[in-house]
Amino acid sequence: MQKYILGKKNHITVVSAALIIIGFTSELVFHQEQAAMWSLILASVLGVAPIAIQAYQALKVKVVSIDVLVTLAVIGAFFIKNFEESAIVTFLFLFGAYLEQRTLQKTRSAIKELTQMAPESALKQVESGEFEEVDVDDVDVGDTLLVKTGAKVPVDGTVISGEGYINEASITGEAVPVGKKKGSQVFAGTILENGTMQIVADRVGEDTTFGRIIELVEEAQDSKSEAERFIDRFSKYYTPAVLVLSLLVWLVSRNIELAITILVLGCPGALVIGVPVSNVAGIGNGARHGVLLKGSEVIHDFSRVDTIVFDKTGTLTVGNPTVADTQYYVSDIQQTLGYLTSMERESDHPLAKAIVQHLGVLDTYTVQRTNVVAGGGIVAEVDGHRVAVGNVGLMEQEKVVFSEKALRDIARFEASGNSLVLTAVDGELQILMGIRDQIREGVKVHLRKLKRLGVKHLVVLSGDNQGTVDLVSKELGLTEAHGHMLPQDKASYIKKLQTEGRTVAFVGDGVNDSPSLALAHIGIAMGSGTDVAIETSDVVLMNSDFSRLPHALGLAKATANNMRQNIAIAVGVVLVLLASVFFSEWMNMSIGMLVHEASILVVILNGMRLLRFQLRKER
């Protein structure tokens, strides 16, 4: 019976409204006081039924909820035969709950849209070579799938044949279709707008980028901020306090109507709903714009950031460097180039890829006893020789002696903004390469926006040489720049900034960034970075789009401000209502409940403004 009544709350609200209209019409138009009284009594009884059930359920778990206050107030109104107010109070409370439900559904619409985009089926190649439609859960890594025009891509995969344009808005927030051809990466939940292609599944189910987006956003919505936890504790003690205040007023004044009115006006509904609606709307806006904010606590901390520290490669720069300068220190260089190619082919580092692409096809050798030196490079045994490939620090560890010419070349390469890769064979320097990376387009503009949003310190930390880092810093107008930084050096520098009282965010995309991402107050991962960087971070910028960083910070600040506004509105309304009870003659239960429900609607609408948040464009 309880479940049935609660399921019909909206219907009860409509019937209650109709009975109230009939009651007042009977009294004011037809002067039928008995009909009016019974109509209002019926409206009160119907209206209080779901409220009383909710109050009972709350008391069962030892919680004195708002429903308890309203139920007691209605019973009191019955006791003094004030049926008009009991009917109006129950209707307004139910109608307010209906408005809360509708508006909260809208704030969650961004997440609902995401989940509705999740693919449900796929065209999978079977043993006969034909493609059959199967449930997406039946697709395994390595399966070949067919995607037709207008269909959703079912998994993360690689195009093996065909081409077309894919709308990746569900992943990147960017509505402009992206061209795909053989070898291109595609993501689950995106839509093939034209063309036909076959893909091989790389990630399936919850492991896909889309699956992780939904999981992260849902976790974020379920988490509670410090402000929400405080309000939960506050409500736990506040509601009984209102009951005690009402009892004291009755004991002193013997005015039961005044005591009941205090029960109604003291309801903290707007306070309870105000903070969650701000957080849900803020997280929803971020999801729509390719920004994953992992929880309301993250929003609170992110809004207070005054220092942002950047990794350089793949963050401020494109992460697709090319060899710009080369210097050889031996006459017969072909064999050493073969050693270098053999070692770099085994690495996924952007500098290694640049070298392999630059050298082209060469004779290769078997590489043995490989030792990766974090932040330094690689040492291995090739063709019976000890070969070291890496930066100046690695060469010093290997006791490589630099000639005067080599030292001049190193200084010249650094001054030109090159990242240095040196190759030594059996302790003798043989090759020096200068590799340059391009700064991301528009980064300077976005950094200006961050400063306008209140970030006072912009710092770059990099394993590159100081000359390269200084050039990047100078071009972008950064506050500080530090090169020759190993992963542990970056983490130590983050700690140093924190001991100085700064609120620090770190932006990176690699495995070596994970300690700094975890240590900073806010870790921000570029979305096409490594899995471990994304999992360790608090904020993810999908598709490694740097332009989303100012939007993310602006959104966090707007959400935090919105939260504070809602708290102020909620507390202010309760204080004004209670003051009006004692110091005015016009306040009564019906007016108080109307104002109370209006305040709930105001904080919800205020929170919903965040769904339309956009960072102001520079003039």
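Guide: The charged end of Arg-254 sits over the ring of Trp-250, 4.6 Å from the ring's centre. A charge counts as sitting over a ring if NZ of Lys or CZ of Arg is within 6 Å of the ring centre and within 35 degrees of the ring normal. This is a predicted model, in which local features need pLDDT of at least 70, side-chain atom pairs count only at pLDDT 80 or more, and totals for chains, interfaces and linings use all residues. Residues are numbered from 1 along each chain as its sequence is written, and side-chain values use heavy atoms, leaving out hydrogens and water.

The structure holds four aromatic pairs; rings of Phe, Tyr and Trp (its six-membered ring) pair if their centres lie within 6.5 Å, and planes under 30 degrees apart count as stacked, over 60 as edge-to-face and the rest as tilted. One of the pairs is Phe-91 with Phe-95, which is stacked, at 5.7 Å centre to centre and 10° between the planes. Both residues lie in helix H5 (residues 83-107), four residues apart, about one turn of the helix. Helices (H or I, at least four residues) and strands (E, at least two) are DSSP runs, numbered from the N terminus. An α-helix has 3.6 residues a turn, so residues three or four places apart point the same way. Phe-95 has 35% relative accessibility and so counts as partly exposed; buried means under 20% relative accessible area, exposed over 50%, and partly exposed in between (1.4 Å probe, protein chains only).

Another pair, Tyr-339 with Tyr-365, is edge-to-face, at 5.0 Å centre to centre and 70° between the planes. This pair links distant parts of the chain: Tyr-339 is in helix H14 and Tyr-365 in the loop between H15 and strand E11 (367-373), 26 residues apart. Tyr-339 counts as buried because its relative accessibility is 2%, whereas Tyr-365 is partly exposed at 27%.

After H15 comes Gly-360, with a positive phi near 75°.

Next comes a sheet. Seven strands form an open sheet in the order E8-E20-E19-E18-E9-E16-E17, with mixed pairing; two strands pair if DSSP finds at least two bridges between them. Strand E8 (291-293) and strand E17 (480-482) are the edge strands, each pairing on one side only. Strand E9 (residues 307-311) and strand E16 (residues 457-461) pair in the parallel sense over five bridges, and Val-309 has Val-459 as its bridge partner in E16. Helix H19 (residues 466-476) packs on the sheet and touches E16 and E17, its direction making about 160° with that of E17. Axes are lines fitted to C-alpha atoms, for helices over the stretch in contact, and angles run from 0 to 180 degrees between N-to-C directions. Contact means heavy atoms within 4.5 Å.

Finally, the whole chain. Its secondary structure comes to 24 helices and 20 strands, and 52% of its 619 residues count as buried.
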